[in-house]
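Here is a short briefing for a first look at this structure.

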Amino acid sequence: MKMTVTEHVYNIINVERLKKRVTFQSLHIREYSQILGDHPCCENGPPIALGWDHKPERSIAIDEYEASRATTRKPKNELKLSFDDRRQILANYSDCDVRRVQRRLHRERRDRRACCRQTQKAFFQHTPQHKVVVSTVLN
C-alpha cells in the first residue's frame with residue numbers, strides 16, 4: 001500500500017514531535033539552610049540567603065510532587081516575605097546582628113544612589129538640552 005504525500009508529511013511531523021519531547025520522572029530535592037544575607041536591594045527587613053548546609057537529598061516522583069504541591073502552592077503576591085516572616089526565619093540571629101547588617105545595607109544603598117547621581121550628572125553635563133532631565137532625575 002502506497003502512502004500519499006500528505007500521509008508521508010504527517011508521519012515525518014509526528015516523528016519530529018517525538019524526537020523533541022522531554023519528560024521528567026523524578027525530582028531530586030536538596031533543602032538548604034537559610035541565613036542572614038547581604039543583598040542590598042532587600043528593603044523589607046533583614047535579607048535572607050541560602051547557606052552551605054543542607055539536608056540529605058531526597059527523590060520523589062514528579063507526579064507525586066505535583067499532586068502534593070497543588071494544594072499548597074502560593075499565589076505570586078504571597079511569595080514576598082514580610083518583615084516579621086523574615087525575622088522569624090532568622091530567629092537564631094541576635095537583634096544586634098540583624099541591625100548591623102541592615103545598617104551596612106542602608107549605607108550601601110545610599111552610596112549606590114550617590115554614585116548613580118554622579119554618573120548621571122557627569123554624563124549629561126555636556127549637553128544643555130538634558131539639564132532639565134538631570135535635575136528631574138536627581139530630585
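A search of the whole predicted model finds 8 salt bridges. Side chains of opposite charge can pair when their charged atoms come close.

**Salt bridges across the chain**

- Glutamate 57 forms a salt bridge with arginine 30. The closest N and O atoms of this pair are 3.6 Å apart.
- This pair links distant parts of the chain, 27 residues apart. Glutamate 57 sits in the loop between strand 3 and strand 4 (58-61). Arginine 30 sits in the loop between strand 1 (26-29) and strand 2.
- Glutamate 57 has a relative accessible area of 46%, so it is partly exposed. Arginine 30 is at 39% relative accessibility and also counts as partly exposed.
- Arginine 58 forms a salt bridge with glutamate 31. Here the closest N and O atoms are 3.3 Å apart.
- The pair of arginine 58 and glutamate 31 links distant parts of the chain too, again 27 residues apart. Arginine 58 belongs to strand 4. Glutamate 31 belongs to the loop between strand 1 and strand 2.
- Arginine 58, at 42% relative accessibility, counts as partly exposed. Glutamate 31 is partly exposed as well, with a relative accessible area of 35%.

- Glutamate 108 forms a salt bridge with arginine 104. The closest N and O atoms are 3.1 Å apart.
- Both residues lie in helix 4. They are 4 residues apart, about one turn of the helix.
- Glutamate 108 is at 31% relative accessibility and counts as partly exposed. Arginine 104, at 30%, counts as partly exposed too.
- Elsewhere, salt bridges that share partners join Glu31, Lys55 and Arg58 into one network.

**The largest pocket**

- The largest pocket has a volume of about 200 Å³.
- Which residues line the largest pocket? They are Arg30, Glu31, Tyr32, Gln34, Ile48, Leu50, Leu81 and Ile89.
- Arg30 is in this lining, and arginine 30 is also the salt-bridge partner of glutamate 57. Glu31 is in the lining too, and glutamate 31 pairs with arginine 58.
- Strand 2 (32-36) supplies at least two residues of the lining. Strand 3 (48-54) also supplies at least two.

**Arginine 87**

- Arginine 87 lies in helix 3 (residues 83-89).
- Is arginine 87 buried or exposed? Its relative accessibility is 17%, so arginine 87 counts as buried. The cut-off for buried is under 20%.
- A polar contact of 2.6 Å joins the side chains of arginine 87 and aspartate 95.
- A polar atom of the arginine 87 side chain also lies 3.0 Å from the backbone oxygen of tyrosine 93.
- Leaving aside neighbours within four places in sequence, arginine 87 is in contact with Pro46, Tyr93, Ser94, Asp95 and Val98.

**Arginine 109**

- Arginine 109 is found in helix 4 (residues 95-124).
- Arginine 109 counts as buried because its relative accessibility is 16%.
- Not counting residues up to four places away in sequence, arginine 109 touches Pro40, Cys42 and Glu43.

Methods:
Residues numbered from 1 in each chain as written. Predicted model: local features only at pLDDT ≥ 70, side-chain atom pairs only at ≥ 80, totals over all residues. Heavy atoms only, no water. 1 Å grid on protein atoms, 1.4 Å probe; cavity = no way out; pocket = protein on both sides within 12 Å on 5 of 7 lines; lining within 4 Å. Points joined across faces, edges and corners; volume = space filled by probe spheres on them. Buried < 20%, exposed > 50% of the residue type's maximum accessible area, 1.4 Å probe, protein only. Polar contact = N/O pair within 3.5 Å; in protein donor to acceptor, adjacent residues only side chain to side chain. Contact = heavy atoms within 4.5 Å. Salt bridge = Lys/Arg side-chain N within 4 Å of Asp/Glu carboxyl O.
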